[in-house]
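Here are my notes on the model you sent over.

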Amino acid sequence: MSEQLKFIVQQLNMEPFRKNFNLITFDSLEPMQLLQILNDVLAEIDPKQAMDIREEMPEQTVKRMSSLLGMLKYKPPGNFADVSSFRQGLVTGSKPVVHPILHWLLQKVPELKKRAYLARFLVKLEVPAEFLQDDIINDTYHQYEELVEGFKTYHKECENLRSSGFSTAEIRRDISAMEEEKDQLLKRVERLKRRVESVSNHQRMLEQARQLRVEKEREESLTHQKQEQKNQLFQAEQRLLRLQQQLKDLRQAAADAHPESLMKRLEEEIKINSYMVTEKLPKELEGLRRTVQYMQKVSSEPAMGQADLQEMEGKIKEVDSQINQLIEKKMMRNDPMDDKLTLYRQQASIIIRKKESKAEELQEAREELAAAERELKQRSSQGQGSNGEEVIRGDELKRLVAKLRSKGTTYKKRRQELAELRAEYGVLQRTEELLRQKHDIVQQKLQTVEAQKGISGYSDTQEELERVSAIKSDLDEKKGRTLDDMSEMVKKLNSMIVEKKSALAPIIKELRSLRQRRVELNQEYEEKKAQYESCAAGLESNRSKLEQEVKALREEMAQNENRYHYINSMSEMQIQRAAGEMKAYKLREEQKVVRENHSANMEQMKMWRDLEQLMECKRQCFIKAQNQVSIGQVIQEGGEDRLVL
């Protein structure tokens, strides 16, 4: 899935889209934005699809995209075999639906462009059968089918012409150039014929020239064969040297090879391979599997926002605190016997880490060796000669590569100079042709004048003498220049050698002192390294002792805390118990007082009840007296009641 996203983002960032996305921004796109990008890709394939999907109904968008994808012969993935679910995912802009479509489209843009272009003309219109009963419509439809077939034929012919590599403009240019060359050759042949016919026994000279050309060609072929044989001889010598070196190495290995050493070496290799197979490789494989599972889990989950990240960070902090608490509890519950084994465990862990690091280094060295062997095999197979000889290796190959590089730069310069010279040669050739024409005219006039004067051939003899003298002077000048150049070059080389020796003398002297210094520093480094390792081992043992002491003190502190809490809880229980006993004592005292005063209190309660009944009776009597008819006046005085009528 990640490879698919990388490919989509890479293609969208290129021409003609230039979206400037990365994996995070592309994965965090909204469904509407994702559908717009899909529409832009479809518009690049078929320009009629270019539009803003916000101005179109979702049903129309899905219908348009589905019809185009069907025309392009797109097949949904296996989990979207149902058309309705695929359409629903396309409406909602679902990533599992849109991403495979983008990946498939961006892989085949040129092919799909061609398919969309052809579909405009080759997808036939569906005409109902009842409409075809009309003669005019039927004839028109047949003409339409004939035009479609004709388009197929013309398109195939056009593709064949394009693939053939021929161009009419290039062919016309070649024909015109060949006609010009033909005319020039004919003119040159005519001129040469005219010049040769005037020479006596020209047939014999032509035959000798032909034989000379044949011998030159034969000399070139013999020179080429000689060079090939030299190359083969050089390769054979190099191969002989390599085989001699291999033989020498094998003899040395055989001289040093004893059964005990071979068995010991094989046992070491078996131990290393068994460790790699049983311990290291399974761990790495399990780690890679967990990483793949995590990656698949992360890729299947939706994109996370800032709030989700903050929530995840909070959960991580909570889990870290729980882990720390569990570690503290485990340290408090550890057995003292385990503390004695801590030092040995630490030493074992250090050895295991060293073993794993050495195994990783061995694995990397083996991988580098295998890669180098594969590359060597590939280079040897690529560079193997036609006669089956192996290529040159080692220092010879380095020298050959340096030589080829220098020759490559020289070749580029010479090729540029050759192009300039060819352009200048064309101009000079035309100038030479014009001058030759003028020269021929002047030569004809000169020959007629010489014939009239009776000295025919004088000008040719004079020209031959001048040419020979010019050649002789050129050769003398070249010889003098060559000798001067060689003497000057020898002087320069001698002076350069002296300068280089004088310049390198202090550097060599300084290099000797630096080498001595390097040896001293290496010795000092080894001593410091040994001191560091011994000091580190001592500090490691001291640290383990201190950790044991800290652990013992923590256990003692935990015991004291437990004792304190126990004593505190016991004191609280005793205080509560004393308070309960005091309360019970008070209740018993109150009960005793109540028992002692019970009879008197009961009598007093009875008297109060009687008094209450008496007062109630008086109240009732008073109420009845008030309710009776007034037949007189009751006067109360002196404790007596009198009725006055």
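**Notes on the helix packing**

1. Let's start with Asn39, which is found in helix α3; helices here are DSSP runs of H or I with at least four residues, strands are runs of E with at least two, and both are numbered from the N terminus. At 0% relative accessibility, Asn39 counts as buried (buried is under 20% relative accessible area, exposed over 50%, partly exposed in between, with a 1.4 Å probe and protein chains only). Leaving aside residues up to four places away in sequence, Asn39 touches Gln49, Met51, Ile53, Arg64 and Met65, where contact means heavy atoms within 4.5 Å.

2. Before going on, some housekeeping: this is a predicted model, so local features need pLDDT of at least 70 and side-chain atom pairs count only at pLDDT 80 or more, while totals for chains, interfaces and linings use all residues. Residues are numbered from 1 along each chain as its sequence is written, and side-chain values use heavy atoms, with hydrogens and water left out.

3. How do α3 and α4 cross? The axes of α3 (residues 31–45) and α4 (residues 58–71) come within 12 Å and cross at roughly 45°; axes are lines fitted to C-alpha atoms, for helices over the stretch in contact, and angles run from 0 to 180 degrees between N-to-C directions. The two helices are therefore oblique to each other (under 35 degrees is roughly parallel, over 145 roughly antiparallel, 65 to 115 roughly perpendicular, and the rest oblique). The crossing of α3 and α4 is left-handed, meaning that the near helix is turned anticlockwise from the far one by less than a right angle, with clockwise giving right-handed.

4. As for who does the touching in that pair, α3 brings Leu35, Leu38, Asn39 and Leu42, and α4 brings Arg64, Met65, Leu68 and Leu69. By class, that contact of α3 with α4 has six nonpolar, one polar and one charged residues (Ala, Val, Leu, Ile, Met, Phe, Trp, Tyr, Cys and Pro count as nonpolar, Asp, Glu, Lys and Arg as charged, and the others, Gly among them, as polar). Asn39 turns up again here, on the α3 side.

5. Next, α4 against α5: these pack at an angle of about 125°, with their axes 10 Å apart. That makes α4 oblique to α5, and the crossing of this pair is right-handed. The contact is made by Val62, Lys63, Met65, Ser66 and Leu69 of α4 and by Phe86, Arg87, Leu90 and Val91 of α5. Sorted by class, the contact of α4 with α5 has six nonpolar, one polar and two charged residues.

6. A quick look at Ser85, which sits in α5 (residues 83–92). Is Ser85 buried or partly exposed? At 28% relative accessibility, Ser85 counts as partly exposed. Ser85 and Val97 are 12 residues apart in sequence and 9.6 Å apart in space, C-alpha to C-alpha.

7. Now for Gln4, in helix α1 (residues 2–13). Gln4 has 17% relative accessibility and so counts as buried. Not counting residues up to four places away in sequence, Gln4 touches His99, Pro100 and His103.

8. From α1, Gln4, Leu5, Phe7, Ile8, Gln11 and Leu12 meet His99, Pro100, Leu102, His103, Leu106 and Gln107 in α6. The residues in the contact of α1 with α6 divide into seven nonpolar, five polar and no charged.

9. Finally, the whole chain. Its secondary structure comes to 17 helices and two strands, and 12% of the 645 residues count as buried. Of the contacts with a separation of 6 or more, 58% are between residues 24 or more positions apart.
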